[in-house]
Amino acid sequence: MLKYRLPPLLVWPATAFLGAFLVYPLLLTVAISFDEFSALEGMKPAFQVGHYKTLLTDPYYHGVLLDTLRISLIVTLASLIIGYPLALWMTRLEGVWKAIAMFCALAPLMISVVIRSLGWLVILSDTGVINQLLLATGIVSSPVRLLYNEFAVIVGLTEALLPFMIISLLVSLQAIPNSILQAASVAGAGHWIVFRRILLPLSLPGIAAGSLLVFAIATSSFVTPRILSGGHINMVANVVVDNFLVTLNWPFGAAVGILLLIVVLLVFLLQHWLTERILGRYR
Amino acid sequence: MRVRWGSFWLAMAAFAAMGFLIAPLVMVVAISFTSSQLLRFPPEGFSLRWYYALIDNPQFIEAAWTSFQLAVACSIVATLIGTTAAIAIYRYRFFGRNAIYLLLLSPLMLPQLILAIALLIYLSRAGLPGSFLSLLIGHVLVTLPFVVRLVLVGLERIDPNIERAAAVAGATRFEVFFRVTIWLIFPGMFAGAAFAFIMSFDNIVVSLFFTTSRMVTLPVEIYEYLEYADDPLITAVSSVVILLIVAMLLVIEKTVGFTKSFTAVEHG
């Protein structure tokens, strides 16, 4: 193998592309987030932290931040609870069945969230399947409001991000040798003990990785929240989009975006640190 | 012998989770065959009226054509620069190699929304707001890491003895690459190109910032249609997209393994 000091020509196109369209634009975004903005004059170069201050002190944005945090946490927890049994079950399948189950669990990820939200719009509406069922069984006498509220956003986001959780869980569950489970079972451990003492601790890295991944993507979602809340709930990412496409206050939008970026990067750092720690303890 | 414990309840919970994942897609496809005007399940009767309506709808057809061209272009560009970069990262040791590798994969970790607004700020300053080219740049940005990862996975699986054999048999380095190596990494390239196509074809986050009234991609058109109308036409167009993507995923699964590839990208 040849040893080059300088990056070989082959890597230049992609590197230049990312330098021009990722690194430089991100730096520009940081710069713009300090600019002044007025509705009449538009953007004016400046260096002031007003946008960040507004974001962190204004009660409205406090509400948005708290909503985002709460919704993302619930979505993370829900996808963990729904995803864990599925991932565990998939590790017990073999051959074709496993391939089919994996395909069904991961394929939805490749279909646009717009289309999946449309499906939830139909399921959760006043005349939707769930309300039809509730009415027919006499549990309720008039349709329950399931749509255009936080519940709908949580359901939609959980479904959208579930495959990410499943991948993370599968990777760590599959790494557990079957012989350990057999040994435990031979030694007389019941299902609960096997789960509590073997599966859970050994899959902790997967749980951490999946949870942080889902959390990070949930905090930066705006399409599903917009469609399923009918615009009633603004998450942080919705504020970014509205500032860029509607009110055109780019400096403020950029500030919100940078804050979001910092949160996501912190989450990934936390994931790295946690995984190392957990793995270290059981190594 | 597999260990069996609580198999029944575990299977039930797993089926429920699977149902939860697939329910919205099933709903959309089922309703697209309704004969009524309403977005309601169960569909009334069976008809193809909304598919006929779709063929007569120039907006959706045009948006689909735009999305298709964009996805093809994105797939070609991302595969070209992604494959070359992956080969360089795998074959050579050079200054800044780790930093460049991290940079190549970074679009996977950063939220697409942030990439989109940063690019919007930059491109509008450079005098290139919404256009086919700006859409293409945005889509290549988010699909590039997939190509890089998948080609790298392919490279790591190559048995170096095959290339050595070619060299021993008298092939020049150039010949070894173009007549041997390229065929060995072809599955990875193919998977990368296919992923890039699909992810571009149904991208909404980046597209939303670069579409104009004359240049709209299909997911954006569907998103905007949802804002002001709700008839089953939208389920018909969505069903066509679902069918197309599932068909492509099946081809990827049969040839290079979709679930394997995807897991490789997300957990490198």
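Here is a short tour of the structure, stop by stop, with something to select at each one.

**Before you start**

This is a predicted model, where local features need pLDDT of at least 70, side-chain atom pairs count only at pLDDT 80 or more, and totals for chains, interfaces and linings use all residues. Residues are numbered from 1 along each chain as its sequence is written, chains are lettered from A and ligands numbered from 1 in the order in which they are written, and side-chain values use heavy atoms, with hydrogens and water left out.

**Stop 1: chain A as a whole**

The C-alpha trace spans about 75 × 75 × 35 Å along its principal axes. Of the 283 residues in chain A, 53% are buried, where buried means under 20% relative accessible area, exposed over 50% and partly exposed in between (1.4 Å probe, protein chains only).

**Stop 2: helix 4 of chain A**

Now pick residues 95–106 of chain A, which form helix 4. How far apart are its end C-alpha atoms? They are 17 Å apart, which agrees with the 16 Å that twelve residues should span at 1.5 Å a residue; the expected span is 1.5 Å times one less than the number of residues. Color the buried ones: A:Lys98, A:Ala101, A:Met102, A:Phe103, A:Ala105 and A:Leu106. Within chain A they pack against helix 3 (59–91) and helix 7 (150–174), and in chain B against helix 1 (7–31), helix 12 (233–255) and helix 13 (258–266). Contact here means heavy atoms within 4.5 Å.

**Stop 3: helix 12 of chain A**

Move along to residues 236–245 of chain A. Eight of the ten residues in this helix are buried, among them A:Val239, A:Val240 and A:Phe244.

**Stop 4: A:Glu159**

Go back to helix 7 of chain A and click on A:Glu159. Is A:Glu159 buried or exposed? It is buried, with a relative accessible area of 1%. Leaving out residues up to four places away in sequence, A:Glu159 touches A:Arg116 and A:Trp120, as well as B:Phe20, B:Leu21 and B:Pro24.

**Stop 5: B:Ala86**

Switch to helix 3 of chain B and find B:Ala86. This residue is buried too, at a relative accessible area of 0%. Its C-alpha atom is 8.9 Å from that of B:Leu150, 64 residues away along the chain. Residues up to four places away in sequence aside, B:Ala86 touches B:Val148, B:Val151, B:Leu152 and B:Leu155.

**Stop 6: a cavity**

A search of the whole structure finds one cavity of 30 Å³ or more. On a 1 Å grid over the protein atoms alone, a cavity is a set of points where a 1.4 Å probe fits but cannot get out, a pocket is an open set with protein on both sides within 12 Å along at least five of seven lines, and lining residues have an atom within 4 Å of a point. Select A:Ser112, A:Ile115, B:Phe201, B:Asp202, B:Leu218, B:Pro219, B:Ile222 and B:Val241 to see the lining of the largest cavity. Helix 11 (residues 218–228) of chain B gives the most to that lining, with three residues.

How values were computed: Points joined across faces, edges and corners; volume = space filled by probe spheres on them. Helix = DSSP H or I, 4+ residues; strand = E, 2+ residues; numbered from the N terminus.
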